[in-house]
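Me: I would like to learn how to read a predicted model feature by feature, with the general idea given before the particular case. Could we go through it together?

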Amino acid sequence: MRRTGALAMMSMACVLVALATGHRASEDLPPVVAPDPVPSDAIVLFDGTSLEHWQHADGSPASWIVEDGAMTVKPGSGSIHTVPVLQSAQLHIEFATPAEVQGEGQGRGNSGVYLQRRYEVQVLDSYENQTYADGQCGAIYKQYPPLVNASRGPGEWQTYDIIFTAAEFDDAGSKTSPARVTVIHNGVLIQHDRPLKGVTGASRFGESSEPGPILLQDHGNPVRYRNIWYRPLETE
Ligand code: MG
């Protein structure tokens, strides 16, 4: 009892100090997240061993190739998407375009990360490879070119860290706030809080208040992916 009382007094003292100094009370301290090897509050979508969280559009299990801690696009098998669906989120994903360079322009190392299956952040081998600006690696496809080309070479692992804010809709279904995307490519800011103009070209899924999965595109090139996780974000 005495210990409980002492704790209560200490707690009250903290609140009084917080009030007196204008600081937030200790009760407002943010939760602790251990950052390594992935954030402790992250939802892992691919850990290098299985595609259990992925499927094709028809609901069949994802048939892409898993080996050496990575998954590889199986050309012609179709795109795959996550079983979990998400709204606003922080997403981490790593990719590597083929080490053996084949094709050019949009035909070289093409894939894509679709947020909510609606908005494509382009994946392409853009290392010394010319194509249209809003279709190169890191573009919000046909909406925004990346601010800079931070691409590594063919076969090298690259990172995307993406902050996605879902679009908002009123009760009648009218959009009141566009989806927004920030992309950091290999540690370099390439898209800064871009308001999206709608779904990107190749998406068959219209905008709505419904959450959606992450989709990885089969564009016919054996692009590899690994270490994929996200953290749901609360928006106010
Ligand atoms: Mg693509």
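Me: Is Ser111 buried or exposed, and what about Glu120?

Reply: The reasoning needs a cut-off, since a residue is called buried under 20% relative accessible area and exposed over 50%, with partly exposed in between. Ser111 has 0% relative accessibility and therefore counts as buried, and Glu120, at 2%, is likewise buried.

Me: How many salt bridges are there, and what is the idea behind such a pair?

Reply: Side chains of opposite charge can pair when their charged atoms come close. The count in this model comes to 6 salt bridges, and one of them joins the side chains of Asp28 and Arg24, with 2.9 Å from N to O. Asp28 is partly exposed because its relative accessible area is 42%, whereas Arg24 counts as exposed because its value is 67%.

Me: Which residue forms a salt bridge with Asp125, and where in the chain do the two partners lie?

Reply: Asp125 pairs with Arg108, and their closest N and O atoms are 2.8 Å apart. Asp125 belongs to the loop between β8 (119–123) and β9 (158–165), while Arg108 belongs to the loop between β6 (89–96) and β7 (111–115), so the pair ties together parts that are 17 residues apart in sequence. Both Asp125 and Arg108 are buried.

Me: What does the salt bridge between Arg180 and Asp193 link?

Reply: The side chains of Arg180 and Asp193 meet at 3.1 Å, N to O, and the pair links distant parts of the chain, with Arg180 in strand β12 (residues 180–185) and Asp193 in strand β13 (residues 188–195), 13 residues apart. Arg180 has 28% relative accessibility and so counts as partly exposed, and Asp193 is also partly exposed because its value is 34%.

Me: How should I read the two sides of a strand such as β6?

Reply: In a regular strand the side chains alternate between the two faces of the sheet. In β6, Ala89, Leu91, Ile93 and Phe95 point one way, while Gln90, His92, Glu94 and Ala96 point the other way, and all are buried. The strand is thus described as mostly covered, with 8 of its 8 residues buried.

Me: In which sense do β6 and β9 pair, and how many bridges join β6 to β15?

Reply: β6 and β9 pair in the antiparallel sense over 7 bridges, and within that pairing His92 has Asp161 of β9 as its bridge partner. A further 7 bridges join β6 to strand β15 (residues 224–232), these two strands also running antiparallel, and here Ala96 stands opposite Arg224 in β15.

Me: Which residues make the nonpolar surface patch?

Reply: Leu147, Val148, Val188 and Leu189 make a patch of about 300 Å². Val148 is placed in the loop between β8 and β9, and Val148 counts as partly exposed because its relative accessible area is 40%.

Definitions and conventions: Residues numbered from 1 in each chain as written. Predicted model: local features only at pLDDT ≥ 70, side-chain atom pairs only at ≥ 80, totals over all residues. Heavy atoms only, no water. Buried < 20%, exposed > 50% of the residue type's maximum accessible area, 1.4 Å probe, protein only. Salt bridge = Lys/Arg side-chain N within 4 Å of Asp/Glu carboxyl O. Helix = DSSP H or I, 4+ residues; strand = E, 2+ residues; numbered from the N terminus. Pairing = 2+ DSSP bridges. Patch = residues over 30% accessible without salt bridge, like charges linked within 9 Å, V, L, I, M, F, W, Y side chains within 5 Å. Areas by Shrake-Rupley, 256 points an atom, 1.4 Å probe, with all protein chains shown as cover.
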